[in-house]
Amino acid sequence: QVQLVESGGVLVQPGGSLRLSCAASGFTLDYYVIGWFRQAPGKEREGVSCISSSSGSTYYADSVKGRFTISRDNAKNTVYLQMNSLKPEDTAVYYCAAEPTLLDYYCPLDGKSYDYWGQGTQVTVSS
């Protein structure tokens, strides 16, 4: 059974930091590209970041460049999203998603490219 579980979302003040985790079970992460997506109330889902199966390629949305960092630990079968200098506009439900691939550097930020999704974790940035 393929499963992705996000964790780490909490209330944080503007300028603060947070690390989200995406734990995979039922499959190993080494042949999957992983993406992070978010959806704010009343807004369309947007791609935040992705990391290729080889970890050799990453991509970030312009809105988070320089503030967010994606990484993976295949030994723990987990992907992380380190979020720094958080802004109120970062408030959203954050989802991780996985797509099997044989392409080492494949890294799309289109949600339609992913087969498996987690339940999401709420991040609220507010004073």
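Me: In what order do the elements of the protein chain run from the N terminus on?
Reply: Helices (H or I, at least four residues) and strands (E, at least two) are DSSP runs, numbered from the N terminus. In the protein chain the order is β-β-β-β-β-β-β-β-β-β-β. That comes to zero helices and 11 strands. This is a predicted model, in which local features need pLDDT of at least 70, side-chain atom pairs count only at pLDDT 80 or more, and totals for chains, interfaces and linings use all residues. Residues are numbered from 1 along each chain as its sequence is written, and side-chain values use heavy atoms, with hydrogens and water left out.

Me: What radius of gyration does the protein chain have, and what would a compact globule have?
Reply: The radius of gyration is taken over C-alpha atoms, and the globule rule is 2.2 Å times the number of residues to the power 0.38. For 127 residues the rule gives a value near 14 Å, and the protein chain has 14 Å, which agrees. The C-alpha trace spans about 45 × 30 × 25 Å along its principal axes.

Me: What percentage of the residues count as buried?
Reply: Buried means under 20% relative accessible area, exposed over 50%, and partly exposed in between (1.4 Å probe, protein chains only). Of the 127 residues here, 46% count as buried.

Me: Is A92 buried or exposed?
Reply: A92 has a relative accessible area of 3%, so A92 is buried. This residue lies in strand β9. Contact means heavy atoms within 4.5 Å. Leaving aside neighbours within four places in sequence, A92 is in contact with R38, Q39, A40, T121, Q122 and V123.

Me: Is S127 buried or exposed?
Reply: S127 counts as exposed because its relative accessibility is 87%. S127 is placed in the segment after β11 (121-125). From S127 to K65, 62 residues apart along the chain, the C-alpha atoms are separated by 23 Å.

Me: Among contacts between residues at least 6 apart in sequence, what percentage join residues at least 24 apart?
Reply: In the protein chain, the share is 62%.

Me: How many disulfides does the structure hold?
Reply: A disulfide is a covalent bond between the sulfur atoms of two cysteines. Here a disulfide is a pair of cysteine sulfur atoms within 2.5 Å. The structure holds two. With the bonded cysteines numbered in sequence order, the pairing is 1-3, 2-4.

Me: Which parts of the chain does the pair of C22 and C96 tie together?
Reply: C22 and C96 are joined with an S to S distance of 2.0 Å. C22 lies in strand β3 (residues 18-25) and C96 in strand β9 (residues 92-100), so the pair ties together parts 74 residues apart in sequence. The torsion about the S-S bond is about 65°, so this disulfide is right-handed. Both C22 and C96 are buried.

Me: Where do C50 and C107 lie?
Reply: The disulfide between C50 and C107 has an S to S distance of 2.2 Å. C50 is in strand β5 (residues 46-51), while C107 is in the loop between β9 and β10 (116-117), and the two are 57 residues apart. This link is right-handed, with 120° about the S-S bond. C50 and C107 are both buried.
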